[in-house]
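Biologist: Please show me the model, and let us go through it by question and answer.

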Amino acid sequence: MLRRPFFWIIALVIAAFVAAPAIGDDVDLRESLALATVYITLASNLNLMLGYAGYINFGSIVFFGLGGYICVWLVDAHGWSLAPSLFAAGIGVSALAFIFGLGILRLRGPFFALSTIGVVEGVQAFVQNFGPWGGSSGIYISPEVFQPLGGAARALWVIYFALVATMGLSLYLSYAIKISKFGLGLLAIGQNEDAAAILGVPTPRYKAWAYSASAFLPAITGGLYFFKSAFIQPSDAFDLSLSTEALVVAMLGGQGTVTGVALGAYLYEELRGYLLTSEMFSHFQLVIAGVLLLVIVLFFPGGLMGFIYSRFPRTQKVLE
Amino acid sequence: MTAILELDHVSKRFGGLQAVNDLTFAMHEGEILGLIGPNGAGKSTLFNLLNGVFAPDSGRIVFGGIDITGQAPYLVARHGLARTHQIVQPLTNMTVLENCTVGACFGRDNLPLARAHDVAREAAAIAGLDDRLEMLALHLTIAGKKRLELARALAAQPKLLLLDEVLAGLNPTEIEHMIGVIRRIRERGVSILIIEHLMQAIMNLSDRIVVLVSGEKLAEGLPAEVAQNSAVIEAYLGDPKLAAELEGSAQHVS
């Protein structure tokens with residue numbers, strides 16, 4: 001893997017994310033890029049199901065929200081420090097996803113997609129009524145938890161670097177799976193699941209592993225995100241529109257590609273930031289997202305990368 | 001001679017239709033066994049039972065000494081049973097090489113990716129696709145897709161190959177080439193169970209023939225024996241295809 005140029009391209013992207021805000025101590029840029037890492041992490045992991053295995057998951061936000069809850073709860077109620085809480089969130093949500101996956105992945109196409117919305121609604125209803133997690137009012141954590149990280153100001157930098165690391169791991173995970181035998185099996189499932197099974201791809205197990213793998217890093221990102229805000233409540237944690245945006249982003253960039261999905265997520269986040277702050281378009285971003293999705297589906301089914309590949313075929317060898 | 005495949009009173013019913021009825025036969029190792037019968041005789045259903053797409057309602061299927069009755073398709077594939085489809089099922093947006101690599105990776109030997117590439121290239125070459133390795137499967141012609149089915153199945157390095165009408169829809173030159181390919185595969189020690197409607201081809205290729213009518217075994221034996229069996233001739237004259245042909249010629253006269 002070290003010999004492949006794409007490995008170093010990912011490393012460069014990570015370095016840029018670390019250096020850009022750190023050099024000028026630019027807090028505004030850091031916050032904007034922090035949000036971009038969240039989008040890139042969510043979209044890249046969603047891509048494992050959408051772009052590789054061909055399963056549309058509207059419920060990827062569940063991993064993010066549950067990870068947030070587990071992490072915040074462990075820190076707040078059990079006095080755990082951040083790192084083990086994040087790890088526990090990742091493992092816990094992945095294990096849950098594996099068990100869910102064995103069940104709902106028996107469904108295909110639109111039926112699977114609908115069931116993933118059911119998972120979001122079900123989990124949200126559960127959390128709203130779950131006493132230890134504060135029910136519908138959620139959990140607040142006191143600013144004291146930032147002390148072990150060197151105070152609030154420094155903690156925000158630590159969390160930002162952790163978000164960048166999670167994003168980097170997401171990109172490497174997508175890439176490593178894509179060039180592996182596991183990835184080949186997933187791509188075969190995405191093309192024709194029945195034919196893949198007849199060729200010997202263990203379809204139920206592969207799909208469940210992919211679903212579970214796609215939960216791990218979003219859960220950690222959710223933990224970091226809600227630890228950073230020191231507050232979590234069900235309507236933020238399980239916001240279906242973020243799931244939808246992740247799908248748009250993946251299709252915008254080119255599902256099944258690593259570069260395209262990351263690029264799409266970054267561009268979308270920048271556009272969204274602009275729309276949210278501009279006076280004319282304030283809160284217009286979902287309308288724009290809808291129009292974008294229509295245009296992509298109708299005119300550029302391969303997304304941004306599909307367009308780049310067809311214009312510059314050589315890039316296909318370098319950019320995965 | 002040891003048996004590679006044994007069917008023991010296998011039955012399958014779909015609603016009111018008895019697709020396969022109490023079928024018993026065995027296949028020897030290294031044999032080419034032809035499976036013929038009119039449309040709707042249950043030939044393709046039988047293939048689906050063998051490789052686990054459907055589970056039989058009753059009976060047992062033993063492959064290479066292992067009971068595979070009702071096992072999932074990917075487990076059956078792992079034991080060394082590969083097939084082609086009557087209606088081609090390419091992995092459309094993947095290249096010919098990738099298609100074959102999937103077969104090699106997840107076939108009998110469960111090969112790692114690097115080794116699988118070599119086996120896939122070899123299989124593609126045998127099927128005559130070595131000049132189109134980087135072509136997307138969806139861009140292949142129908143004959144190319146049929147070859148891809150064969151190459152992919154072959155890449156799994158199977159002990160038994162099920163061929164479902166690989167000659168249908170091909171022109172005479174392509175048929176000749178394909179028959180040569182099938183013979184070469186057998187020379188590599190692979191047993192072959194083949195469904196085919198082209199009588200001349202299947203009589204020529206097969207060591208033995210099993211005739212299936214309405215899900216039941218009507219006859220079994222050497223090609224020459226089967227061709228002269230009066231029950232078989234009668235079954236084929238009852239063939240709706242043949243009836244249609246007769247009707248067509250009658251209309252032509254009027």
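Biologist: In the open sheet of four strands of chain B, what is the strand order?

Modeller: This is a predicted model, in which local features need pLDDT of at least 70 and side-chain atom pairs count only at pLDDT 80 or more, while totals for chains, interfaces and linings use all residues. Residues are numbered from 1 along each chain as its sequence is written, and chains are lettered from A and ligands numbered from 1 in the order in which they are written. Helices (H or I, at least four residues) and strands (E, at least two) are DSSP runs numbered from the N terminus, and two strands pair if DSSP finds at least two bridges between them. With antiparallel pairing, the order in chain B is β2-β1-β4-β5.

Biologist: Which strands are the edge strands of that sheet?

Modeller: An edge strand here pairs on one side only. The two in question are β2 and β5 (66-67) of chain B.

Biologist: Which residue in the turn of the hairpin of β1(B) and β2(B) has a positive phi?

Modeller: Strands β1 (residues 3-14) and β2 (residues 17-28) of chain B run antiparallel and are joined by eight bridges, with K12(B) opposite V20(B) of β2(B). Two residues lie between the strands of this hairpin. The turn residue with a positive phi, about 55 degrees, is G15(B).

Biologist: Which residue of β4(B) is the bridge partner of S11(B)?

Modeller: β1(B) also pairs with β4 (residues 58-63) of chain B, in the antiparallel sense and over five bridges. Within β4(B), R60(B) stands opposite D8(B). The bridge partner of S11(B) is S58(B).

Biologist: Helix α1 of chain B packs on the sheet; what angle does its direction make with that of β2(B)?

Modeller: Helix α1 (residues 43-50) touches β1, β2 and β4 of chain B, contact meaning C-beta atoms, placed from the backbone, within 7 Å. Axes are lines fitted to C-alpha atoms, for helices over the stretch in contact, and angles run from 0 to 180 degrees between N-to-C directions. The angle with β2(B) is about 65 degrees.

Biologist: Why is one side of each of β6 and β10 of chain B left without a neighbour in the sheet?

Modeller: The open sheet of six strands in chain B has mixed pairing and the order β6-β7-β8-β3-β9-β10. β6 (81-83) and β10 (216-221) stand at its edges, so one side of each has no neighbour in the sheet: each has a single partner strand.

Biologist: Which residue of β10(B) stands opposite V211(B)?

Modeller: β9 (residues 208-213) of chain B pairs with β10(B) in the antiparallel sense, over five bridges. Opposite V211(B) stands A219(B).

Biologist: Which element gives the largest share of the side of domain 1 of chain B that touches domain 2 of chain B?

Modeller: Chain B is divided into domain 1 (3-80 + 160-253) and domain 2 (87-158), with bounds from an automatic or database domain assignment. Their C-alpha centres lie 24 Å apart, and the contact takes 14 residues from domain 1 and 16 residues from domain 2. On the domain 1 side, α2, β7 (160-164) and α6 (172-187) of chain B each give two or more residues. The largest share, five residues, comes from α6(B).

Biologist: How many residues of helix α3 of chain B are buried?

Modeller: A residue is buried if 20 or more other C-beta atoms lie within 10 Å of its own, exposed if 12 or fewer, and partly exposed in between, with C-beta atoms placed from the backbone. What covers the buried residues of α3(B) includes α7 (181-191) and α8 (193-198) of chain A, together with α2 (73-79), α4 (113-126) and α5 (142-155) of chain B. Helix α3 (residues 96-106) is largely enclosed by the rest of the structure, because the buried residues number eleven of the eleven.

Biologist: Which element gives the largest share of the side of chain A that touches chain B?

Modeller: Between the chains, 18 residues of chain A are in contact with 21 residues of chain B. The elements of chain A that give two or more residues to this side are α7 and α8. The largest share, six residues, comes from α7(A).

Biologist: What is the radius of gyration of chain A?

Modeller: Chain A has 15 helices and two strands, and buried residues make up 50% of its 320 residues. The radius of gyration is taken over C-alpha atoms, and the globule rule is 2.2 Å times the number of residues to the power 0.38. A compact globule with 320 residues would have a value near 20 Å, which agrees with that of chain A, 19 Å.

Terms used. Contact = placed C-beta atoms within 7 Å.
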